[in-house]
Amino acid sequence: MREVVVIGAGAAGTMAAIFAARRGARTTLLERTRDGGRKILISGGGRCNVLPSRVDESRFVTDSSPNTLRKIVRSWPLADQIRFFEDEVGIVLEEEVESAKLFPASHKARDVRDGLLALARRDGVVARFGCRVTSIAPHAGRWRIGVEELDTLATDTLDADAVIVATGGLSVPNTGSDGAGLRMLEALGHTLHPTYAALTPVTAPENAFSALSGVSLRVSLTAASAARRATHTGGFLFTHAGYSGPSVLNVSHVVVRARAEAGRGESPAADVRVQWTAHDDAAWQTLLQPHGARQLSTVVRQELPDRLADVLMAQAAVEPTRKLAELTRDERRRMIDTLVRGALPWHGDEGYKKAEVTGGGVALSEVHPVTMESRRHPGLYLCGEVLDAFGPIGGYNFLWAWATGRAAGTAAAHHSTV
């Protein structure tokens, strides 16, 4: 019987362990924390957005080959993943139609984490919690894994035919993500694209929006730098530190990377623009046409929260009490520009502490897209967040974890050391 060691009991690692055991391997799952799956527990506000209800492959972000990424995503189709959770894990999924997200019907993330670990144990996986992996190295045609028990500091070594690295990245470090797996993979000769905080809130200096903390609405947000561009339509929230919400998180990687590259002298910072409503130039032109004695503030406040409307009118330098019939062409143009392409001042981000995922990681060219096996080391498999890919919020990153974990576990169980 082949022996497989899986490092990391998060989403990808637990899935890898399940499929390695199902394919007949003697499987050991090693986890640094005392319970595993902590990112599952906090995802979706504690409800766990298990999967998207539909997939747009173009929304994944990678510095590797998009073609390779598509092959990996398609290796386990969405419909099959849904069936797995409902039929195998026993979790009924419900769609939140407005957001195109799938949640467990119980709306409890713990049911997902506990259900996966229970299935792993039923399939024969031996899980060891509270232990830190200190080394991974080829040894006599197999793999040797160094382990330290965190309670006793006792050390141990495990030998295996194959090892699966599913240690996650650097995001939300209090869940156990410390980047150790990435460092080990780099030491083994793997090429790592620079890592960065992704899906993270953006911070701002003191500005006209600073007094709007707590105000939320739906916007279209575009972040653009010399190297990349991203646009997202969705929820937007003013915070005490800057901005958050799905629209912000989904374009934040452009801001984060532009800031880092500007620090290295590689490119200017990103420009962030907001279309504050669903109305484009033509729609606002119509709304701002003369209409009786109506004032500018009446029209703008009908479309936006009052406090935000006041800030935007001030930014456009147009008096709120101006009657529509009195607006000059230049005033109307300034107002529309502010409403459709308003500048959003920013100066940083909240980093890995608040980031939902880690961008960058091991280049996809260094794994076989069907098996997730390292092209540098036979018997070494990579899955989940250590790989150079992430998707938008909405279940995409779990879809990536489930697909890569399944592929790695299935292939590792069949690995031959001959």
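Two strands pair if DSSP finds at least two bridges between them. Helices (H or I, at least four residues) and strands (E, at least two) are DSSP runs, numbered from the N terminus. This is a predicted model, in which local features need pLDDT of at least 70 and side-chain atom pairs count only at pLDDT 80 or more, while totals for chains, interfaces and linings use all residues. Residues are numbered from 1 along each chain as its sequence is written, and side-chain values use heavy atoms, with hydrogens and water left out.

## The chain as a whole

The chain has 13 helices and 20 strands. Its C-alpha atoms fill a box of roughly 85 × 50 × 40 Å along the principal axes. Of the 418 residues, 55% are buried. Buried means under 20% relative accessible area, exposed means over 50%, and partly exposed lies in between (1.4 Å probe, protein chains only).

The accessible surface comes to about 17,600 Å². Carbon and sulfur atoms hold 50% of that surface. Accessible areas come from the Shrake-Rupley method with a 1.4 Å probe; for residues, only the protein chains shown count as cover.

Contact means heavy atoms within 4.5 Å. Take the contacts between residues at least 6 apart in sequence: 70% of them join residues at least 24 apart.

## Sheets and strand pairs

Strands of a sheet pair through backbone hydrogen bonds, either parallel or antiparallel. Axes here are lines fitted to C-alpha atoms, for helices over the stretch in contact, and angles run from 0 to 180 degrees between N-to-C directions.

A second open sheet also has three strands, ordered β3-β5-β4 and antiparallel. β3 (51-52) and β4 (93-96) stand at the edges with a single partner strand each, so one side of each has no neighbour in the sheet.

Elsewhere, β1 (residues 3-7) pairs with β2 (residues 26-31). Four of the five residues of β1 are buried, so this strand is largely enclosed by the rest of the structure.

| Strand pair | Sense | Bridges | Facing residues |
|---|---|---|---|
| β7 and β8 | antiparallel | eight | Ala 137 and Arg 144 |
| β1 and β2 | parallel | five | Val 4 and Thr 27 |
| β3 and β5 | antiparallel | two | Pro 52 and Lys 101 |

## Helices

Two packed helices are described by the angle between their axes and the distance between the axes. For α1 (residues 11-22) and α13 (residues 396-413), the axes come within 7 Å and cross at roughly 35 degrees. The crossing is right-handed. That term applies if the near helix is turned clockwise from the far one by less than a right angle; anticlockwise is left-handed.

On the α1 side, the contact residues are Ala 11, Ala 12, Met 15, Ala 16, Phe 19 and Ala 20. On the α13 side, they include Phe 398, Trp 402, Arg 406 and Thr 410. By class, this contact has ten nonpolar, three polar and one charged residues. Ala, Val, Leu, Ile, Met, Phe, Trp, Tyr, Cys and Pro count as nonpolar, Asp, Glu, Lys and Arg as charged, and the others, Gly among them, as polar.

In helix α6 (residues 180-187), the buried residues are Ala 180, Gly 181, Leu 182, Met 184 and Leu 185. Their cover includes β7, β10 (162-165), β11 (192-198), β19 (357-362) and β20 (380-382). Just after α6, Gly 189 has a positive phi of about 100 degrees.

## Loop residues

Most residues other than glycine have a negative phi. His 107 has a positive phi, near 60 degrees. His 107 sits in the loop between β5 (101-104) and α5 (109-122). This residue is partly exposed, at 32% relative accessible area.

Ala 140 also has a positive phi, about 50 degrees. Its loop joins β7 (131-139) and β8 (142-149). At 73% relative accessibility, Ala 140 is exposed.

Arg 32 lies in the loop between β2 and α2 (38-42). Arg 32 is partly exposed, at 36%. Its C-alpha atom is separated by 4.7 Å from that of Gly 130, 98 residues away along the chain. Leaving out residues up to four places away in sequence, Arg 32 touches Gly 130, Cys 131, Leu 150, Gly 176 and Asp 178.
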